Number of protein chains: 2
Amino acid sequence: MKATVTIMFKNGVLDPQGEAVKSALVGLGFFDVKGVRQGKIIELELAEGADQNQVDKMCQQLLVNSVIESYTVEIL
Amino acid sequence: MKATVTIMFKNGVLDPQGEAVKSALVGLGFFDVKGVRQGKIIELELAEGADQNQVDKMCQQLLVNSVIESYTVEIL
């Protein structure tokens, strides 16, 4: 079983990495770029029988800083 | 217009961050975790009229190290 966790900064939280990527893209001539947000994606390979509850627990205990980040879980 | 670029290490490329996350999860008691790969997700906010070709160029010129990383683009 596979699960994918996507972690992004919450709206309103400063994202310096995204800003840096945006500046670099504009500097390369990509003037269509209006905004960039960078996040993390974590692909988990799980034993059969694991479920979304367990992935939520992993997020809360380790993967996500819920003060500044939000996450979505996709079970594949 | 929005585009999402998902960047992962290619299969076979060592992913030390993913290994560290795996060890930490197992250490917390999540014994169902068999493997972890960590990647990046970049959300681009683009002016109307931009297309996938342009996003591919951004990936090739800046966002992706094609020697060790692969990417997928999703236009929203």
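## Reading buried faces and charged pairs

Visitor: Is B:Lys2 buried, exposed or something in between?

Guide: B:Lys2 is partly exposed, because its relative accessible area is 39%. Buried means under 20%, exposed means over 50%, and partly exposed is in between, using a 1.4 Å probe and protein chains only. Keep in mind that this is a predicted model: local features need pLDDT of at least 70, side-chain atom pairs count only at pLDDT 80 or more, and totals for chains, interfaces and linings use all residues. Residues are numbered from 1 along each chain as its sequence is written, chains are lettered from A and ligands numbered from 1 in the order written, and side-chain values use heavy atoms, leaving out hydrogens and water.

Visitor: Which residue forms a salt bridge with B:Lys2?

Guide: Side chains of opposite charge can pair when their charged atoms come close. The rule asks for a side-chain nitrogen of Lys or Arg within 4 Å of a carboxyl oxygen of Asp or Glu. Here B:Lys2 pairs with B:Glu45, with the closest N and O atoms 4.0 Å apart. B:Lys2 sits in strand 1 of chain B and B:Glu45 in strand 2, so the pair ties together parts 43 residues apart in sequence. Helices (H or I, at least four residues) and strands (E, at least two) are DSSP runs, numbered from the N terminus.

Visitor: Where do B:Glu69 and B:Lys40 lie?

Guide: Those two side chains also meet in a salt bridge, at 3.8 Å from N to O. B:Glu69 is in strand 3 of chain B and B:Lys40 in strand 2, so this pair links parts 29 residues apart in sequence. B:Glu69 counts as buried, because its relative accessibility is 10%, while B:Lys40 is partly exposed at 29%.

Visitor: Which residues of helix 2 of chain B are buried?

Guide: They are B:Val55, B:Asp56, B:Met58, B:Cys59 and B:Leu63.

Visitor: How much area is buried between chain B and chain A?

Guide: Buried area is the accessible area (1.4 Å probe) that two parts lose on being put together, summed over both. Here that comes to about 2,700 Å², and carbon and sulfur atoms give 69% of it. B:Phe30, B:Asp32 and B:Ile41 supply 22% of what chain B buries against chain A, more than any other three residues. As for salt bridges across this interface, the rule finds zero.
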